[in-house]
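User: I'm new to reading protein models and would like to learn on a real one. Could you walk me through it, step by step?

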Amino acid sequence: MNFFPVYIYFIALSFIVSLTVYSSSNRIHSYLKIFPPFLLATFIAEAIGSYLWYRGETNLFIYNFFTTLEFCFYLWFLGTVISNKKVKKTLIVSIFFYFIIAIINIFFIQKMKSFHSITYALGCLLIVSFCIYYFLELFRLPRSINLKANPVFWICSGLLFFYCCGFPLYTLINFYKSIPKIILDSFDGIVTILNVFLYSLFTIAFLCRIKTRKYTLLPL
């Protein structure tokens with residue numbers, strides 16, 4: 001199935017590894033248990049979108065709605081890991097209003113014939129802003145934290161990098177028809193790298209919480 005982009009295999013790998021969260025009774029990382037269904041939905045949406053694109057059919061309706069739900073999911077996730085109660089409330093309000101604004105944009109402003117670049121840009125700004133706030137909270141903690149074993153650190157790092165770099169690419173997607181093919185190919189390569197990086201960090205997030213036992217060989 002050569003119509004699948006390279007990064008879809010990284011989504012599949014991340015989903016498979018994410019299933020390990022169900023083998024743990026650690027309540028500290030309980031928020032991770034919603035990730036496997038989300039990653040499975042991501043894989044299905046990307047697979048269908050890629051197949052439709054391969055057949056020359058429009059896949060905008062899939063990406064318009066799925067990216068909207070994707071932003072809502074990531075905002076919800078950030079709300080579970082940020083400590084400040086006022087910011088948590090702001091996140092809940094942001095999810096509600098973002099969803100309403102995105103639906104209005106998809107149906108009545110930019111409509112279904114184009115990508116919802118306006119509300120996608122808004123979603124990017126929200127994710128980046130709250131990721132930065134999370135890092136500020138993290139580095140202000142009075143105690144030291146092992147970042148290598150902190151799943152949230154890896155997930156937020158991936159989100160921050162992806163949406164910072166992807167912001168100019170996806171918000172200009174409606175103008176791609178007037179861009180030369182050689183530049184479009186470069187954009188596709190960048191998008192692939194961004195997705196591979198994002199889901200690789202997700203995979204690390206699921207693996208870093210697994211404690212490995214060290215065995216020593218005793219002389220007979």
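Analyst: A helix here is a DSSP run of H or I with at least four residues, and helices are numbered from the N terminus. Keep in mind that this is a predicted model. As a case, Phe-43 sits in helix H2, which covers residues 35-54.

User: Is Phe-43 buried, exposed or something in between, and what makes it so?

Analyst: The idea is to look at relative accessible area: under 20% is buried, over 50% is exposed, and the range in between is partly exposed. Phe-43 has 27%, so it is partly exposed.

User: Which residues does Phe-43 touch, apart from its neighbours within four places in sequence?

Analyst: Contact is about heavy atoms within 4.5 Å. With those neighbours set aside, Phe-43 is in contact with Ile-8, Ile-11 and Ala-12. Take Ile-11: it is 32 residues from Phe-43 in sequence, yet their C-alpha atoms are 6.1 Å apart in space.

User: How do I read the way H1 and H2 are arranged?

Analyst: You compare the directions of the two axes, and an angle over 145 degrees counts as roughly antiparallel. The axes of H1 and H2 cross at roughly 160° and come within 9 Å, so the two helices are roughly antiparallel to each other. Their crossing is left-handed. On the H1 side, the contact is made by Tyr-7, Ile-8, Ile-11, Ala-12, Ser-14, Phe-15 and Ser-18, while H2 brings Pro-36, Leu-39, Leu-40, Thr-42, Phe-43, Glu-46 and Ala-47. Sorted by class, the contact of H1 with H2 has 10 nonpolar, three polar and one charged residues.

User: What about the loop between H1 and H2? Is Val-21 buried or exposed?

Analyst: Val-21 lies in that loop. Its relative accessibility is 2%, so Val-21 counts as buried. Leaving out neighbours within four places in sequence, Val-21 is in contact with Leu-32, Lys-33, Pro-36, Phe-206 and Arg-209.

User: How are H3 and H6 set against each other?

Analyst: The axes of helix H3 (residues 60-81) and helix H6 (residues 151-170) come within 12 Å and cross at roughly 140°, so H3 and H6 are oblique to each other. This crossing is left-handed. Among the residues making the contact are Glu-70, Phe-71 and Tyr-74 of H3, and Val-152, Ile-155 and Tyr-163 of H6. By class, the contact of H3 with H6 has 10 nonpolar, no polar and one charged residues.

User: Is Glu-70 buried or exposed?

Analyst: Glu-70 belongs to helix H3. With a relative accessible area of 10%, it is buried. Beyond its neighbours within four places in sequence, Glu-70 is in contact with Phe-38, Tyr-163 and Tyr-199.

User: One last thing: what is there to say about the phi of Lys-111?

Analyst: Lys-111 is not a glycine, although it has a positive phi of about 65°. You'll find Lys-111 in the loop between helix H4 (85-109) and helix H5 (117-139). Its relative accessibility is 46%, so Lys-111 counts as partly exposed.

Notes: Residues numbered from 1 in each chain as written. Predicted model: local features only at pLDDT ≥ 70, side-chain atom pairs only at ≥ 80, totals over all residues. Heavy atoms only, no water. Buried < 20%, exposed > 50% of the residue type's maximum accessible area, 1.4 Å probe, protein only. Axes fitted to C-alpha atoms, helices over the stretch in contact; angles between N-to-C directions. Parallel < 35°, antiparallel > 145°, perpendicular 65-115°, else oblique. Left-handed = near helix turned anticlockwise from the far one by under 90°. Nonpolar A, V, L, I, M, F, W, Y, C, P; charged D, E, K, R; others polar.
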